Amino acid sequence: MSEKNDLREAVRERYAAAAVHVAEGGTACCGPEVTEDDGDFGGALYAADEHDRLPAEAVAASLGCGNPTAVAGLNEGERVLDLGSGGGIDVLLSARRVGPTGKVYGLDMTEEMLALALANAKKAGAANVEFLKGTIEAVPLPANTVDVVISNCVINLSTDKPAVFAETFRVLAPGGRIGVSDVVADDRLTPAQRAERGDYVGCIAGALSVTEYRRGLETAGFSDIEITPTHQVADGMHSAVVRAVKPVTAAGATGGSASGPGR
């Protein structure tokens, strides 16, 4: 438990520092250095027209490994939850897609990121968004609250991924879906070999293998699971698009609900 708490605190400190850096005019990314963006992580994975419609600080604070809003298939009026919303780029893009009749929640454990996201939402004039402080392992929302869950290179940072999958399943309405960008490892790589390729807070050491990811989603109750690697970020490590559905026949919620300080 102590090691998990230490890792969570290291993640919190890393992304708090990233938020402060962006607020001071810098950039941030999920990769080895918070100040660089080499195209594998961060804002370079968004189209130029998406950049142009957002506050510069939201783009600079993009900490992801993909663009989940491009794969989630969002529709007018849908309710969306972004796990680990950071500076708010995916929340703001989602808000445009679901329109004024929809709603987008951004969840983050880091005070500095939440403050940055709120400022970005104000600059963007987004009225259909709400930012929540809490962990992705204990989402502070009731069961069956949202239609879509998105996340951008955050689930790999969790020290309790079964809890993340269970909470994601719980808050989704029956028939709801996930559209996630995350880092996955080839099945051939052991956890030790993954750690050799990058550290935990850099989105590498904590990544699941493709089979582990699929098994975790299946255990939580998801169906129609698709895990599609998109590009390599380290030897045997890939950014990937993850899709899955909560069956319409799903009875009730799984797991509990609690609020508390996760990215």
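Student: In the largest nonpolar core, which residues touch the most other members?
Tutor: Leu81, Ile178, Tyr213, Leu217 and Phe222, out of 31 residues in that core. A nonpolar core here is a set of buried Ala, Val, Leu, Ile, Met, Phe, Trp, Tyr and Cys residues joined through side-chain atoms within 4.5 Å. Buried means under 20% relative accessible area, exposed over 50%, partly exposed in between (1.4 Å probe, protein chains only).

Student: Which elements each supply at least two residues of this core?
Tutor: Strands E1 (79–83), E2 (103–108), E4 (146–152), E5 (172–185), E7 (223–234) and E8 (237–245), plus helices H6 (161–171) and H8 (210–220). Helices (H or I, at least four residues) and strands (E, at least two) are DSSP runs, numbered from the N terminus. Apart from this core lies another, of 15 residues, including Leu92 and Val129.

Student: OK, before I go on, what kind of model is this?
Tutor: It's a predicted model, where local features need pLDDT of at least 70 and side-chain atom pairs count only at pLDDT 80 or more, while totals for chains, interfaces and linings use all residues. Residues are numbered from 1 along each chain as its sequence is written, and side-chain values use heavy atoms, with hydrogens and water left out.

Student: And what's the mean pLDDT of the protein?
Tutor: The mean is 81, and 71% of the residues reach 70 or more; pLDDT is the predictor's confidence in each residue, from 0 to 100. It stays under 50 over residues 31–44 and over residues 252–263. Where pLDDT is low, the predicted coordinates should not be read in detail.

Student: Back to H8: which of its residues are buried?
Tutor: Tyr213, Gly216, Leu217 and Ala220.

Student: What covers them?
Tutor: The cover includes H6, E5, strand E6 (208–209), E7 and E8. Just after H8, glycine 221 takes a positive phi of about 115°.

Student: Switching to E4: how many of its residues are buried?
Tutor: Seven of the seven, so E4 is largely enclosed by the rest of the structure.

Student: How does E4 pair with E5?
Tutor: In the parallel sense, over six bridges, with valine 146 opposite leucine 172 in E5. Two strands pair if DSSP finds at least two bridges between them. E1 also runs parallel to E4, joined by four bridges, and leucine 83 stands opposite serine 151 in E4.

Conventions. Contact means heavy atoms within 4.5 Å.
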